[in-house]
Amino acid sequence: MHRSAACRFAVLIAATFSSFVIPAETQLPQLAAVSVSSSCITHERDALLAFKHGSTNDTIDLLISWQPRQDCCRWAGITCSNQTGHHVVKLDLNGAQFSSPPLVGQICPSLLSLRYLEYLDLSTNSLEGPNGSVPEFLGSMKNLRYLDLSYIPFSGRVPSLLGNLTKLEHLDLSFTLFVGRIPPQLGNLSNLRHLDLSWMRNTYSTDISWLSHLQMLEYIDMSNVTLSTIVDFPVVVNLIPILKHITFMSCSLPSADQSIPNLILTKLEYLDLTGNNFGHPIASCWFWKVTSIKLLFLDKTYLDGPFSDALGGMVSLQHLSFSHNGNAAILTVDMKNLCELESLNLENSLSSGNITEFVEKLPHCSSSKLSFLSSPSNNMIGMLPNNMDHLRSLVTLILSNNSISGAIPSGIQNFTSLEYLRFSSNRLSGQIPLLQRSLRILDVPMNFLSGHLPWGFAAPNLENLILSFNFITGQVPESIYLSWNKFYGSLPRWIGDLVNLRILHLSHNMFYGNIPVNITVLRGLQYLNLAANNISGVIPASFSNLVGMTLKDQSGTDDSYSTLLAFDESQDTFSLVMKHEVLKYGSHGVVDVVGIDMSLNHLTGGIPDEIASLSMSLNLNLSWNHLSGKIPENIGSMKSMESLDLSRNSLAGEIPRSLSDLTYLIYLDLSYNNLSGMVPLGRQLDTLYTENPSMYYGNNDLCGPLLQKNCSGINTPEQRNQQECEKDADQVFFYYGLGSGFVFGLWIVLFVLNIQESMENCLYRPCWLVV
């Protein structure tokens, strides 16, 4: 059945159903009181049900609450008003929140029955009228104040009948498939405040004078509507006194150099002319007189020449984007008074410039708001000034692909919010200064930077570090602290080349694969944290090579190892998970941190005995892995151990008695393994158990006085194995005896039978003749 016929049939069915329902309600008042609210207007409910039946597919059950005997004022997307006698005033079925259009089908004319409807939003659905166009009956819904048909695949021309909706205040037809001329009848919508005709398939207008009739208009977007013959655009919009938002992107507007003798457009805050190839001097543009503008977008307009000095007086300006304009403009305007400016984007637009002068002319305000500054590929020369305190609020600074020389100023370390720093492809030289911990991207390749990296560099949120094609020398910093990020892949083998590394903190990322054996050649490594990754494989036995964690290393420590680690004393801290707590150390305290944390991974195999040689380790956390085998018998050699966590593994066997030798131990967790036998005693272990009885939980075969569990009544796995062996031996002896007895009994029977036969023969001949 054709969809329009189906829709008409649905209207008929709904009306017929209503004629049967009403008597039923009369006959069953008790049911009517329960299931049908008196606030629902019956014929409006029927109209909505007809609309529902016109939808051939409700992919997410958006209309599942629309049931015949329910109160339509409580249905999803429906709003009724007490002021109109409980009539439906709002129908909102916007599908933008869903991954695909929820409703498919036809917009039924039953909606005409909703005479009090003021708000209709059918956007982001696959609905249509006859032949895929807007249904004509919408032009008769003259009570509408809000109409949103955006993202619906309507075809054909923009319907002129929409000009009949004179009460309309909001009209959105964006991202539809309309073609052809924009009807001037839209100028009849004198109450319109919001008009969006953007990004339709192929629309145009040769006369926009009708816009001047929309004296209440505050927002207009006609992006992608071809306006190539319109020369009076600024004159027309200047006649709309309360207009605040203008977006005319990619409209093929021929020019913006018209003059406005009498400026009426004093409330304009947002102007976007991106993608219009003006190709004339930027200083001649009409909008420089509009000092109320807060957001100005002029990307790909190919305006050239020097900026108008009027820019310096646009004190309301918050965002200026002038990018990809062919390097033909010049910006020497003094912008010191633009205290509201938050972002300035000039990428690939300036013909030249001096970075020293440019930076000096940026806003100088007591509370600067500038957070984004981008001026790459602009042929800028000169040096960055040492004093850039007026830019301390920057979050993003991009000056790539210029000819800037000199050093990166040390004052940049005062940019406390800086996250993205891109200086690639310049002529910068000297040493990279100490930068803020807030940094996420440091991109400085293809310069002439030299010297060693800053010892105080620590950026826990770092995502990209690009230093290639420079002359950086010296040692790599002694610490790498990249925890709590989203790094993935196998652990890089080049880590083994960082011979001076003392701290490697890569926890809470997504690294996978085995632990590279060459990490164990880092003889100075004092703290290794690989926790909360997806690392698998076995723990290398060569961990014994980490002499920075052993007593024998202390006598041979040179001056370089006694240097404080790479943390700024004033603000930086180092986090360490120990005793199930996050401990924070200041810069001086870090030198005392020695340990290994590889918890929350997928490690398998046993704990190598060699790990016990790390006698200076304060913390060993291997919990939440898949480790098996026994706890090393020589674990007591780790005399400095303060925290030992081997919980949540599959370790078996007895707890080594040498554990009682760890006199500095203040935290122990061996819970949820397969340990067995007597729990070792000792003053330290007894005290730890008193403070934390759960440290042995989940090991059902443990026993001893400490657990108040007699070992004589418990068979440990070893005892059970011995008993099984003894049982097996008894069974062997039993079956051996049984077999031997059977053979011996059979021999006796045969012997007796043989003797009996011999005796019978003796009755007839001498027994000595019997053979």
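**Reading the chain feature by feature**

Trainee: Which share of the contacts in the chain between residues at least 6 apart in sequence joins residues at least 24 apart?

Mentor: A contact means heavy atoms within 4.5 Å. Among contacts in the chain between residues at least 6 apart in sequence, 56% join residues at least 24 apart. This is a predicted model, in which local features need pLDDT of at least 70 and side-chain atom pairs count only at pLDDT 80 or more, whereas totals for chains, interfaces and linings use all residues. Residues are numbered from 1 along each chain as its sequence is written, and side-chain values use heavy atoms, with hydrogens and water left out.

Trainee: How many helices and strands does the secondary structure comprise?

Mentor: Helices (H or I, at least four residues) and strands (E, at least two) are DSSP runs, numbered from the N terminus. The chain has seven helices and 46 strands.

Trainee: What percentage of the residues in the chain is buried?

Mentor: Buried means under 20% relative accessible area, exposed over 50%, and partly exposed in between (1.4 Å probe, protein chains only). Of the 771 residues in the chain, 48% are buried. The accessible surface of the chain comes to about 35300 Å², and carbon and sulfur atoms account for 54% of it.

Trainee: Which strands make up the open sheet with parallel pairing?

Mentor: Strands of a sheet pair through backbone hydrogen bonds, either parallel or antiparallel. Two strands are taken to pair if DSSP finds at least two bridges between them. Here an open sheet of four strands has the order 24-26-28-30, with parallel pairing. Its edge strands are strand 24 (405-407) and strand 30 (471-472), each of which pairs on one side only. Strand 28 (residues 448-451) pairs with strand 30 over two bridges in the parallel sense, and Ser450 has Phe471 of strand 30 as its bridge partner.

Trainee: Which strands does strand 45 run parallel to?

Mentor: Strand 45 (residues 674-678) is joined by three bridges to strand 43 (residues 652-654), and the two run parallel. Ala652 stands opposite Asn674 in strand 45. Three bridges also join strand 45 to strand 46, again in parallel, with Asp701 in strand 46 as the bridge partner of Ser676.

Trainee: Which handedness has the β-α-β unit of strand 45, helix 6 and strand 46?

Mentor: A crossover is right-handed if, with the strands pointing away from the viewer, the path from the first strand over the helix to the second runs clockwise. Strand 45, helix 6 (residues 683-691) and strand 46 make a right-handed unit.

Trainee: Which backbone angle of Leu600 and Gln708 deserves attention?

Mentor: Most residues other than glycine have a negative phi. Leu600, not a glycine, has a positive phi of about 55°; Gln708, also not a glycine, has a positive phi of about 55°. Leu600 is in the loop between strand 39 (595-597) and strand 40 (602-603), and Gln708 is in the loop between strand 46 (701-703) and helix 7 (717-762).

Trainee: Why is Gln708 classed as exposed?

Mentor: Gln708 is classed as exposed because its relative accessible area is 77%. Leu600 is partly exposed, because its relative accessible area is 42%.

Trainee: Where does Lys336 lie, and which residues does Lys336 touch?

Mentor: Lys336 lies in the loop between strand 18 (329-330) and strand 19 (343-345). Not counting residues up to four places away in sequence, Lys336 touches Glu360, Lys361, Leu362, Pro363, His364 and Cys365. Lys336 counts as partly exposed because its relative accessibility is 28%.

Conventions
Areas by Shrake-Rupley, 256 points an atom, 1.4 Å probe, with all protein chains shown as cover.
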